[in-house]
Every structure is written in C-alpha cells, then in structure tokens.
Amino acid sequence: NSAKLSKSGMNAVDFIKGNTKKGAKISLAAFADRAGSPEYNNILATKRAKAVFGALQKAGIKDDIGISVFGEEKNSVKTKDGVKQKLNRRVEVLVTQ
C-alpha cells in the first residue's frame with residue numbers, strides 16, 4: 001500500500017538522470033497487485049506514478065513525461081483476485097531519446 005520509492009527506485013532515478021539526453025520523452029506505466037479493489041488499486045498505481053514523476057522532476061529531469069495507469073490490469077505475475085504479489089507493484093519507465 002505504499003507509493004514511496006525504494007532505494008532501488010531512487011537508484012533507477014539516478015540512472016535515468018545520468019543517461020537521458022535533454023529533450024527525451026519519458027513514459028511511466030504504473031501497476032498494482034490484486035490485493036485491493038480495482039478502484040483502490042488504480043488510486044495506488046496513480047500515487048506510485050506521481051511519486052516517480054516527482055522524483056524525476058526533483059532530479060532535474062524536466063522533459064516530456066507521460067503517465068499511464070493500469071492498476072491491477074496487465075500484471076507481470078498472474079494471480080487470483082486478492083493475492084499480494086510484490087512484482088506486480090511497480091512503475092515501469094520507458095525513455096525514448
């Protein structure tokens with residue numbers, strides 16, 4: 001139920017900052033596991049995307065950043081409804097230079 005970036009998440013932001021050319025297009029895709037209701041998971045995925053967006057902005061990345069929210073749709077690990085799965089709680093970042 002967290003939208004806070006982990007240490008590895010912050011390391012990813014640092015990597016993106018150091019390897020992204022000015023004017024790049026960045027797309028964020030946010031996901032959640034199936035432990036809550038679909039509505040709650042969309043809200044949580046949105047919070048996660050906004051946390052990554054904020055971290056990128058704070059790191060000085062002011063390029064075009066788009067956000068897509070999938071909630072519990074398109075999980076990387078298929079589970080039944082109500083199942084917690086850490087690998088499904090994520091924000092994927094795509095950088096196009």
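**A sheet and its aromatic rings**

Let me begin with Leu28, whose bridge partner in strand S3 is Val93; strands here are DSSP runs of E with at least two residues, and helices are runs of H or I with at least four, both numbered from the N terminus. This is a predicted model, in which local features need pLDDT of at least 70 and side-chain atom pairs count only at pLDDT 80 or more, while totals for chains, interfaces and linings use all residues. Residues are numbered from 1 along each chain as its sequence is written, and side-chain values use heavy atoms, with hydrogens and water left out.

Strand S1, residues 25-31, runs antiparallel to S3 and is joined to S3 by 6 bridges, where pairing requires at least two bridges found by DSSP. The open sheet has 3 strands in the order S2-S1-S3, with mixed pairing, and its edge strands, each pairing on one side only, are S2 (64-71) and S3 (91-96).

Turning to the rings, there is 1 aromatic pair, counted when ring centres of Phe, Tyr or Trp (its six-membered ring) lie within 6.5 Å, and called stacked under 30 degrees between planes, edge-to-face over 60 and tilted for the rest. Phe31 and Phe70 form this stacked pair, at 5.2 Å centre to centre and 15° between the planes. Because Phe31 lies in strand S1 and Phe70 in strand S2, the pair ties together parts 39 residues apart in sequence.

Is Phe31 buried or exposed? Phe31 is buried, with a relative accessible area of 4%, where buried means under 20%, exposed over 50% and partly exposed in between, using a 1.4 Å probe and protein chains only.
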